[in-house]
Amino acid sequence: QVQLGESGGGLAQAGDSLRLSCAASGRSFSNYHMAWFRQAPGKEREFVAAISWTGGTTTYADSVKGRFTISRDNVKNTVYVQMNALKPEDTAVYYCAAGRKTSDRDIRPRRERNEYDYWGQGIQVTVSS
């Protein structure tokens, strides 16, 4: 069992930066691929970024590539997303998610919602123009 808790959200203006954190409780954090998803009002939850259990492989949605950076600290059991050059269309509730690796050779971080087993409660990010 993994429990996830997001922090760092809030209000920002277009062009600003925010860093979201997601702290994981429980053991074996390093056995999980981690990801960020987001859901805007009236829209489906969408993939933002993911990082492999080793931290060596990352993948991003096209809409955030070059602006967002995902990272993790397996000692602190925390995953981060640094969000730069924020746009009003980045406004959403952001969720972190954990998906267990299948083996030590499994270094491909997931992009699909159904590949993640545990979810945080979400945190609001609002970007004004």
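Is Cys22 buried or exposed? In this predicted model, Cys22 is buried, its relative accessible area being 0%. A relative accessible area of 0% is also found for Cys96, which is therefore buried as well.

These two cysteines are joined to each other in a disulfide, with an S to S distance of 1.9 Å. The count of disulfides in the model comes to 1. Cys22 belongs to strand β3, residues 18-25, and Cys96 to strand β9, residues 92-100, so the bond ties together parts of the chain that lie 74 residues apart in sequence. A disulfide of this kind is a covalent bond between the sulfur atoms of two cysteines. About the S-S bond of Cys22 and Cys96 the torsion is about 40 degrees, and the disulfide is therefore right-handed.

Salt bridges were examined next. Their count comes to 9. One of them pairs Arg38 with Glu46, where the closest N and O atoms are 2.6 Å apart. The two partners fall into separate accessibility classes: Arg38 has a relative accessible area of 6% and is buried, whereas Glu46, at 36%, counts as partly exposed. The limit that places Arg38 among buried residues is a relative accessible area under 20%.

A further salt bridge is formed by Glu44 and Arg113, with 4.0 Å between the closest N and O atoms. This pair links distant parts of the chain, the residues being 69 apart. Glu44 is located in the loop between β4 (32-39) and β5 (46-51), and Arg113 in the loop between β9 and β10 (118-119). With a relative accessible area of 64%, Glu44 is exposed; Arg113, for which the value is 40%, is partly exposed.

The side chains of Glu115 and Arg108 also meet in a salt bridge, at an N to O distance of 3.6 Å. Both residues are partly exposed, with relative accessible areas of 28% for Glu115 and 49% for Arg108.

How values were computed. Residues are numbered from 1 along each chain as its sequence is written. This is a predicted model: local features need pLDDT of at least 70, side-chain atom pairs count only at pLDDT 80 or more; totals for chains, interfaces and linings use all residues. Side-chain values use heavy atoms; hydrogens and water are left out. A disulfide is a pair of cysteine sulfur atoms within 2.5 Å. Helices (H or I, at least four residues) and strands (E, at least two) are DSSP runs, numbered from the N terminus. Buried means under 20% relative accessible area, exposed over 50%, partly exposed in between (1.4 Å probe, protein chains only).
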